[in-house]
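Student: Could we go through this structure together, one question at a time?

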Amino acid sequence: MTASLWTSDELVKATRGNLHGPAFEIADLVIDSRKVTAGCLFVALPGERVDGHDFVGAALEAGAAAALVNRIPEGLSSAASLLAVNDVLSGLTDIAVAARARASAKILAVTGSVGKTGTKDSLAAALATFGSVHASAGNLNNHIGAPLSLSRLPKDADYAVLELGMNHLGEISDLTRLVRPHLAIITNVEETHIGHFRDLEQIAEAKSEIFEGLEKGRGLAVLNRDNAHFYFCADKAEATGARIVSFGRSEDANVRLIGAECGPDGSSIVVRVGGKQLVYRIDGIGMHWAFNSVGVLACIHALGLNLNAAAKAIRDVTAKAGRGRQEEIAYGENGLLLIDESYNASPASVTAALEVLSMTKPKGQGRRIAVLGDMLELGERSEFLHLDLLAKVSGSADLVFTVGPMMDRLRRNLPPTLFGGHGNTASEIAEQVVSQLSEGDVVLVKGSLGMAMAPIVGAIRDITNSDQITPPSAAYGG
């Protein structure tokens with residue numbers, strides 16, 4: 001087993017729980033029995049559809065050292081190690097509280113309407129230059145993911161980078177008071193989840209809750225100087241006594257973006273900090289990656305760390321699967337390029353993805369193809385925000401497929417030459433998308449999580465070099 005993260009004695013004390021079976025040590029905590037690793041604690045969370053207690057036996061057989069439970073599942077060996085608590089989620093939160101109390105790390109919290117995960121990953125890479133770093137895995141940023149991420153924090157880590165998310169007022173308030181960051185960054189305030197809010201200012205209010213966890217008079221707040229809600233967020237941060245460091249194109253930004261040349265292989269970026277100029281390059285594709293990297297450097301500047309070293313460290317951080325990762329698919333002589341943006345979608349992130357599509361050159365006679373699913377949680381502005389994409393879609397793609405009722409409104413306004421097909425669900429249209437692909441095509445797949453766009457991504461990945469390749473002329477309709 002790897003280095004011990006927690007002993008059973010420490011966990012009993014943290015949760016005020018009862019130990020059943022032998023004492024144990026753990027190296028990790030997991031909430032999914034399919035992701036059990038040797039020596040971990042399986043957290044048996046009850047859910048609406050499944051109850052983690054039903055998988056305790058399987059988790060222990062797969063190598064879990066113990067399980068966190070609120071009842072003893074039937075059929076377990078008396079030798080099974082169990083930590084029993086009144087409520088499993090509360091028990092997990094208690095472990096997170098204990099992790100924060102014993103931590104010596106400088107803790108950074110990241111939120112924003114878009115760009116949270118990429119910023120978090122880049123910050124982790126930058127800080128690794130200066131010491132050991134713990135970071136949230138994936139986008140574990142909600143009322144379960146944040147305490148899980150904090151519970152995994154080694155007591156001797158030098159830095160921790162934790163992502164905090166929300167879709168309602170009050171959610172980040174609870175999370176930041178748990179995490180108690182030394183530095184908090186808001187990447188931006190956009191119309192993501194606006195269906196749950198009165199207006200954009202209320203989203204800014206929800207994001208600004210992140211400052212409530214800062215220590216009074218000693219925190220650092222990093223803000224996007226170009227965002228329309230900069231002053232609102234700055235007022236909220238200043239109310240805690242935080243020192244504000246800003247980033248953006250504005251002449252007033254502490255870390256100022258002077259220029260960025262963005263291409264299909266990454267971006268070359270110039271920033272100015274305190275009268276000095278820094279030139280660096282990142283492999284992340286698109287202006288959104290370039291801009292977010294400036295926010296990362298603003299965090300490094302706020303901490304008083306070496307900007308040159310940090311800029312070099314973030315170069316090879318790129319998008320992950322579902323969040324813009326580009327994959328080459330074998331298909332004929334020229335293949336296909338898949339831009340997998342299937343995890344989620346908002347007006348800002350769809351715009352960014354379309355910009356990447358427009359700058360990516362197909363091979364041979366290939367085309368730029370956009371497969372777009374509904375953007376959810378936009379409330380009464382949903383129809384307007386979908387139709388507002390029309391010019392951007394028309395200027396970026398040669399062929400467009402749509403999924404869902406809101407994107408159907410968009411496709412009805414597309415020029416007929418751009419329309420490829422429409423489906424109510426991703427599964428319904430996946431085969432149609434694949435049937436119209438040609439070698440050399442660049443294919444963007446983008447949609448909200450609730451639209452489940454993964455079947456389209458999977459169908460594209462499953463394409464093989466066969467005799468059924470569609471000639472480019474046929475794919476164009478003539």
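**Pocket, helix and core**

Tutor: The second largest pocket is lined by 17 residues, and those nearest its centre are Glu328, Leu337, Thr360, Lys361 and Lys363. A pocket is an open set of points on a 1 Å grid over the protein atoms alone, where a 1.4 Å probe fits, with protein on both sides within 12 Å along at least five of seven lines, and lining residues have an atom within 4 Å of a point. This is a predicted model, in which local features need pLDDT of at least 70 and side-chain atom pairs count only at pLDDT 80 or more, while totals for chains, interfaces and linings use all residues. Residues are numbered from 1 along each chain as its sequence is written, and side-chain values use heavy atoms, with hydrogens and water left out.

Student: Which element gives the largest share of the lining of the second largest pocket?

Tutor: Strand E17 (325–329) and strand E18 (336–341) each give two or more residues to this lining, strands being DSSP runs of at least two residues (E), numbered from the N terminus. The largest share, three residues, comes from E17.

Student: Which residues of helix H1 are exposed on the face turned away from its buried side?

Tutor: Helix H1 (residues 8–15) has Ser8, Leu11, Ala14 and Thr15 as its buried residues, where buried means under 20% relative accessible area and exposed over 50% (1.4 Å probe, protein chains only). Seen down the axis of H1, these buried residues fall within an arc of 125°, taken from the directions from the helix axis to the C-beta atoms, so they line one face of the helix. The face turned away carries the exposed residues Asp9 and Lys13.

How values were computed
Helix = DSSP H or I, 4+ residues; strand = E, 2+ residues; numbered from the N terminus.
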